[in-house]
Amino acid sequence: VARAFGQGPLAGRRVLVTSGPTHEPIDPVRYIANRSSGAQGTALGRALAELGAEVVFVTGPADVPPPPGVEVVRVRTAAEMREAVHAALPVEAAVFAAAVADWRVAEASASKIKKTGELPVLRMAENPDILAEIAGLGADRPGLVVGFAAETDEVEAHAAAKRARKGCDWILANDVSEGTGIMGGTENEVLFITEGGTERWPRMAKETVARRLAARIAEALQEG
Ligand code: CTP
Ligand code: CA
């Protein structure tokens with residue numbers, strides 16, 4: 001059901017969503033990226049806005065256009081995403097759906113790297129963990145912090161450990177093994193992990209996952 005923006009259970013609530021991949025430059029023409037299309041984060045931004053939330057939507061270079069009714073902040077790298085997330089605070093809830101590149105090239109080249117006959121060697125540096133950083137904030141911590149976990153083996157165990165390690169409230173774990181069609185696809189199949197335990201949600205459209213999660217967020221903010 002489409003609602004007029006500004007009405008609904010999340011009216012007046014400011015919510016942050018990160019979405020899409022990040023691109024980490026190698027030189028002016030090349031970058032390192034991942035297979036995230038931005039579909040799940042975009043569906044979530046839309047679902048939250050439809051419940052009336054004021055959504056700040058921080059997105060990397062996604063395949064899909066950002067949803068209507070949100071404040072769009074476009075970024076390219078993980079470092080830029082981190083800056084944009086901090087600038088968006090304070091928010092009441094934050095959902096980290098972005099597939100942030102774990103590593104960047106330590107020293108991206110200002111000039112195009114040319115073929116010289118010698119193979120280039122890229123030295124990598126680890127990117128900041130934006131979710132862990134925000135979940136670990138004191139006074140500025142959003143009341144509800146939600147992460148995603150992209151896993152391939154022992155999905156639930158890895159995701160539960162990730163929730164604890166990062167200090168987020170909820171984590172949605174998805175199996176991104178080759179053949180599941182989830183990364184870059186239109187459907188998702190998630191484990192919804194909270195302090196109270198794990199719910200296995202059936203495979204469904206990313207839009208449906210988004211609406212379910214948005215409804216849970218609305219419930220949690222109304223209780224809190
Ligand atoms: N995340 C983030 N900043 C990063 C890496 C991840 O904010 N630099 C967030 C993602 O948006 C997601 C969650 O952390 O909500 C988990 O991402 P994931 O890649 O599954 O976890 P990592 O901690 O990076 O662990 P690994 O990739 O080694 O499994
Ligand atoms: Ca990662």
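W103 sits in strand 7 (residues 103–105); strands here are DSSP runs of E with at least two residues, helices are runs of H or I with at least four, and both are numbered from the N terminus. This is a predicted model, where local features need pLDDT of at least 70, side-chain atom pairs count only at pLDDT 80 or more, and totals for chains, interfaces and linings use all residues. Residues are numbered from 1 along each chain as its sequence is written, and side-chain values use heavy atoms, with hydrogens and water left out.

Together with L122 and M124, W103 makes a nonpolar surface patch of about 290 Å². Patch members have over 30% relative accessible area and no salt bridge, and nonpolar side chains are joined within 5 Å.

Now for strand 6 (residues 93–96). A93 and V95 point one way, A94 and F96 point the other way, and all are buried. Buried means under 20% relative accessible area, exposed means over 50%, and partly exposed is in between, using a 1.4 Å probe and protein chains only. Strand 6 has parallel partners in strand 1 (residues 14–19), over 4 bridges, and in strand 9 (residues 144–151), also through 4 bridges. For a pair to count, DSSP has to find at least two bridges between the strands. Across from F96 you'll find T18, while V95 faces V146 in strand 9.

Next, the record. An unreviewed UniProt entry gives the annotation "binding site" to D102, K112, P128, D129, I130, L131, F148, K162 and K166. They spread over 65 residues of sequence and, in space, up to 37.6 Å between C-alpha atoms. As for P128, look in the loop between strand 8 (124–126) and helix 3 (130–135).

| Residue | Relative accessibility | Class |
|---|---|---|
| P128 | 28% | partly exposed |
| C168 | 4% | buried |
| R163 | 18% | buried |

C168 is in the loop between helix 4 (155–166) and strand 10 (170–175), and R163 belongs to helix 4. Because its relative accessibility is 4%, C168 counts as buried. C168 and M183 are 15 residues apart in sequence and 22 Å apart in space, C-alpha to C-alpha. For R163 and V72, the values are 91 residues in sequence and 27 Å in space, again C-alpha to C-alpha.

Technical notes:
Chains lettered and ligands numbered in written order. Patch = residues over 30% accessible without salt bridge, like charges linked within 9 Å, V, L, I, M, F, W, Y side chains within 5 Å. Areas by Shrake-Rupley, 256 points an atom, 1.4 Å probe, with all protein chains shown as cover. Salt bridge = Lys/Arg side-chain N within 4 Å of Asp/Glu carboxyl O. UniProt positions renumbered as here; feature names shortened; annotations may be inferred.
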